[in-house]
Amino acid sequence: MEILIYGTINSVALALYALGFALVYGISRLPNFAHGALYVLSGFIAWSALHTLGFNYLFSILTAMVITALIGAVIYRVFLIRIRGMEISEIIASYAIALAILEGLRWSGFKGMTYTLPAFIGGSTSIAGISVDYQRIVVVGVGALLVALLWLFTHYTRIGLALRGMAQDERAALMLGIDSDVMAIVAMALGSMLAAVAAVLLLPLGNIVVESGYNVLILAIAVCIVGGLGSWMGAVLAAFIIGFAQILTVVYLGSHFQMVVALLAIILTLILKPSGLFGQQKELEERV
Amino acid sequence: MNTATTQRRKERIDRGIKVRSDGLYALMSWRELAYLVAPRAVLILGLLALPLLMPGVYWPRVIPIVCIYALLALNFDFLAHYVGLVSLGGAFFVGVGGYISAILNTHWGWSPLVAAPVAALSGGVVCTILLLPCLPLRGVYFAIITLMYPLFLARVIEALNILGGTDGILGVDSFPSAWVEQYAVIVLLLVFLFAIRRLVNTDLGLVLRAVKDNDQAVRASGMNITHYKALAVLIASVIGCLAGACLVHIYMWAGISVFALDFSVLPIAATVIGGGGTLVGPVIGCLILVPVSELLRDFGTLRIVFYSLILLGFITFRSEGVMVYAQRKYQQFERWKTI
């Protein structure tokens, strides 16, 4: 039972990490290696808004989301737009951005154990004899809500449909009057905002530390690759697979192995079936 | 029309000396010979003279590090621009070579001068075998998987607590003297630089470059692509492992930090700045970047910010790199022409 409950919570957390990455890659074929950095950055923005500027908690969360979305859009507009389509340059450039943000944060003194965000609702309850704090329940609820909202957004709004059109066939979308650069900026802003949502939801469960940026990036990549790059349903399913696998290894092997599982999942998936469980890549694009 | 008279464009023309010296038979004078030899001589003599020009306590520590990063950058450039395999995991080669050399040295007491080459060869074989399953991958998939390998090995060593665990292997011997240390890596760097330059122009190099340009065409000519890719990875990983082995003997310590991202990122930055696909470019890039980062060491993590920003600027705004620009300036002149 404990495995079931904590596995679900862990899986939803992984799905939250990965949604933004999957969204950006799915729409603009851009592996956004700065995702983990944006996650940590928005945590620190929320913290600063709350403690330094003295905003109300809800308002500082909104500030963090908006600012992170803007930063994502600016990163795309200034840097990534110039190298779009050159896969390797995309990876190197976005990775350089990630390093600059994370190490910059570390340099400007945001390190140590002092940075925490308060939980939305304190206290805990017990489900079937296992005590679960309310924040984790909120995480699961919001995670489910977010997936549902994203589905509605991409299926029933004009922008969402345009995004999906671009994801399916960029040239055809261009011909129908969808500006692919604008859409890519929107996608990047949305993806960054999803990273911020994940941050404000999950960071109250622990400290805000710079190192988690790298872990979040690895986990997001792991989930997206196992699920298939570009497939959201695959990402959600893969989040559950990896989430439960992680909890099982923590219970039966020890917490050191948690990251090993994620990395092993990436390596095995790439070797056996690079397009992932639900990938729609053509065979030729990924391997010879 | 007023605007028509002021319209000009820039044209680039090969220097006559280049046109004539493109074929070796055209060399007619010492001047032309010097034109061809000078850049190479400056590089070789400059590198060999570095330890003599930079005495003291501090620089003899930096010069070998520069050369080691240059070896890694050379390895990245060869794989990325001549074979089309973008490996983001320079740290993987460093780690495997470093650990093997450290074990040979501490457990069996082999001298560093023997342990490092043995570690390079055996590490190269180990790396190639480990990378073999992912050789059919390409593009972003290969890049991601190579980024994950060093992280994975580091976590495995940490989790299983093997090979010294988080403490690493202590008490690794250093090279006999600082002079041996410096000249060993400098000579290795020069040898590999010119060897790879020769290699990419042989028949094998032609096949490798063809694999990069159009692997389907190569496969259609009845050649086994994976076989050639494996050969290229073997060459690259021998170089990478040698760099790792030397590094371990310089630091006299092998630990998880040999899998650190530095060894993956800095060579890439150097390649981008120096100019990808030129082979000399990465070496020049390292000669610029590594001393800068050593000077910035006082600022702590700011130096990583600094060179990731340089990397970002170069890759987005000036992706050709220093070397390509310098070559153009050396071999061509520009003039304005009215049209």
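Buried area is the accessible area, probed at 1.4 Å, that two parts lose on being put together, summed over both. In this predicted model, the area buried between chain B and chain A is about 4100 Å², and carbon and sulfur atoms give 81% of that area. Of the area that chain B buries against chain A, 16% is supplied by Tyr141(B), Phe152(B) and Arg155(B), more than by any other three residues. The contact draws 41 residues from chain B and 45 residues from chain A.

On the side of chain B that touches chain A, the elements giving two or more residues are helix H7 (140-160), helix H10 (215-220), helix H12 (262-274) and helix H14 (302-317) of chain B. The most is given by H7(B), with 14 residues. The residues on this side of chain B divide into 32 nonpolar, five polar and four charged.

Chain B itself has 15 helices and two strands. Its radius of gyration is 22 Å, close to the 20 Å that the globule rule gives for 339 residues, so chain B is as compact as a globular protein of that length. Along the principal axes, the C-alpha atoms of chain B fill a box of roughly 80 × 55 × 45 Å. Of the 339 residues in chain B, 50% are buried, and among the contacts in chain B with a separation of 6 or more, 79% are accounted for by residues 24 or more positions apart.

Methods. Residues numbered from 1 in each chain as written. Chains lettered and ligands numbered in written order. Predicted model: local features only at pLDDT ≥ 70, side-chain atom pairs only at ≥ 80, totals over all residues. Heavy atoms only, no water. Contact = heavy atoms within 4.5 Å. Helix = DSSP H or I, 4+ residues; strand = E, 2+ residues; numbered from the N terminus. Nonpolar A, V, L, I, M, F, W, Y, C, P; charged D, E, K, R; others polar. Rg over C-alpha atoms; globule rule 2.2 N^0.38 Å. Buried < 20%, exposed > 50% of the residue type's maximum accessible area, 1.4 Å probe, protein only.
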